[in-house]
Amino acid sequence: MARGAQPVIRHWPGALAAALVVALALGTLAAVALRAEGWTALQSADWAAVRFTLLQATLSALFSVGLALPVARALARRQFPGRRALVTLMGAPFILPVIVAVLGLLAVFGRNGLISHILGVFGLPPIHIYGLHGVVLAHVFFNLPLATRLILHGWLSIPGERFRLAASLGFGPRETFRLLELPMLRAVLPGAALVIFLICTTSFAVALALGGGPRATTVELAIYQAFRFEFDLGHAALLGLVQVAICATAAALARGASLPAEMGGGLDRAVQRWDAGATQLKLIDAIATCLAAAFLLTPLGAVVADGLAGITRLPGAVLWAAGRSLAVALAAAALTLALALPLAVFIHNAGRAGSALAETVAYLPVATSPLVIGVGLFIVIFPFADPVSLALPVTALVNAVMSLPFVMRAILPALTEAEAAYGRLADSLGMKGLTRLRIFLLPRLARPLGFATGLAAALSAGDLGVVALFVDPAEATLPLYLYQLMASYRMEEAAGAALVLLALSLGLFVAFDRGGRLGAQA
């Protein structure tokens, strides 16, 4: 009998991954700060940006998680034709490039959008999408699918034997929710809300496009202004530190609010629900699913409709740009997994104090400004090499690190649950190292790993961030090429390129998400 839990792999890969994340997240911030010629105190406009950032991120996280609850529950307990396709399509907004999604939202919710035209028929004024409500609307559009999938993974982690036992004891929907589902939600919701809060805290393009003025400026947008208009490295570094402090505080609060579900393991049987047959519950689930699908898919339909009209006008350079985006996305996905797996194992085996520290490290990238990371890398690379020649590899590396928190949120709970349920059995069989990882863990992580890899690849394919700081315009990726078309007012071609980018991002997500789709047995 093994005397204690054995590490899945040695500790040094996880420690090395953590060191690399810290170097990219905080080392680049230090590089910017060291090059600053002077420091100034936060101004009133900076404090206004901090207040707006906290307000919009909190509202966005609450609305995203709150609206995702009924949708995830409906998908967890209902089977219907087209369910897999619907779940995949509902994930498209999160992987959609921001500027493309904003165009879709404006086509539906803008002053000249679909809803405003419908309101005009009844003599009502059009919708004003700019400002706080527009920023929150866009963030909910992006993050509702992510919250739904994260909560859905929690629902699917409840062993089918628990529902069988609940049915044999005569539990109704209320008892099932209180005794089976509520403990799972206490474990899952804080982490899901934290991830969305961090995403919205570092919001840049959404605030730039829909903020509507200085009163709707986020900290990330203030950092951009400090770089772009003033090139005040000291001011940008100070704002970067403020953003890290906000995100670190949120992470600490979410960790304290999270409680273990303590579900135990099962026999991997298909889940059967006996508590969802009432007509009223079926109606509630149908309404929740249809409303979420309409909210998420209508802007996507507008993007597709506009793109089809302009796709025949696309120049051949679009294919080369798409190829470069595909290469960067695949490299970023592979790097993300190479970092996430050893880091997740390191967190699981590090003990309570070490686990808290390592998990904080895993969230550092989303707390740090991508703009700060990009400029910091430029400062570090410039004395040794031409940053332009390393633009695509650097972009893949930064995209991999920026995707790490989402990937960790997907695989870490599944790894912890698998070790809690079957770790002692694996110990008794002498499974260690890569053998334990290959035979025991990877099959049980198939669903979250597929989802996480697809997410990392799709996010990288649609990223317009670091690549804009480094790359030669003639070697642009597809998002940068799309931005160039829009800046040149070639809107029909831009709409066609947006459709190609949507197809590329969604195609990558679908290809890797096979293990994460509903019905996967792992």
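## Helices α19 and α22

In this predicted model, G450, F451, T453, G454, L455, A457, A458 and A461 of α19 meet L501, L504, S505, L508, F509 and F512 of α22; contact means heavy atoms within 4.5 Å. The residues of this contact divide into 10 nonpolar, four polar and no charged. Here Ala, Val, Leu, Ile, Met, Phe, Trp, Tyr, Cys and Pro count as nonpolar, Asp, Glu, Lys and Arg as charged, and the others, Gly among them, as polar.

Helix α19 covers residues 446-461, and its axis comes within 7 Å of that of α22, crossing at roughly 165°. α19 is therefore roughly antiparallel to α22. Angles under 35 degrees count as roughly parallel, over 145 as roughly antiparallel, 65 to 115 as roughly perpendicular and the rest as oblique. Axes are lines fitted to C-alpha atoms, for helices over the stretch in contact, with angles from 0 to 180 degrees between N-to-C directions. The crossing of α19 and α22 is right-handed, a term used if the near helix is turned clockwise from the far one by less than a right angle, with left-handed for anticlockwise.

## Helices α21 and α22

Helix α21 (residues 478-487) packs against α22 (residues 491-512) at an angle of about 165°, and the two axes are 8 Å apart. The pair is therefore roughly antiparallel, and α21 passes α22 in a left-handed crossing.

On the α21 side the contact is made by L478, P479, L482, L485 and M486, and on the α22 side by M491, E493, A494, A497, A498, V500 and L501. These residues divide into 11 nonpolar, no polar and one charged.

## T217

T217 lies in the loop between α10 (205-210) and α11 (219-230). With a relative accessibility of 10%, T217 counts as buried, a class for values under 20% relative accessible area, with exposed over 50% and partly exposed in between (1.4 Å probe, protein chains only).

Apart from neighbours within four places in sequence, T217 is in contact with A49, F52, T53, A222 and Q225. T217 and V50 are 167 residues apart in sequence, and their C-alpha atoms are 8.5 Å apart in space.

## The whole chain

The chain has 22 helices and zero strands, taken as DSSP runs numbered from the N terminus (helices H or I, at least four residues; strands E, at least two). Of its 522 residues, 53% count as buried. Among contacts between residues at least 6 apart in sequence, 84% join residues at least 24 apart.

## Basis of the values

Residues are numbered from 1 along each chain as its sequence is written, and side-chain values use heavy atoms, leaving out hydrogens and water. Local features need pLDDT of at least 70 and side-chain atom pairs count only at pLDDT 80 or more, whereas totals for chains, interfaces and linings use all residues.
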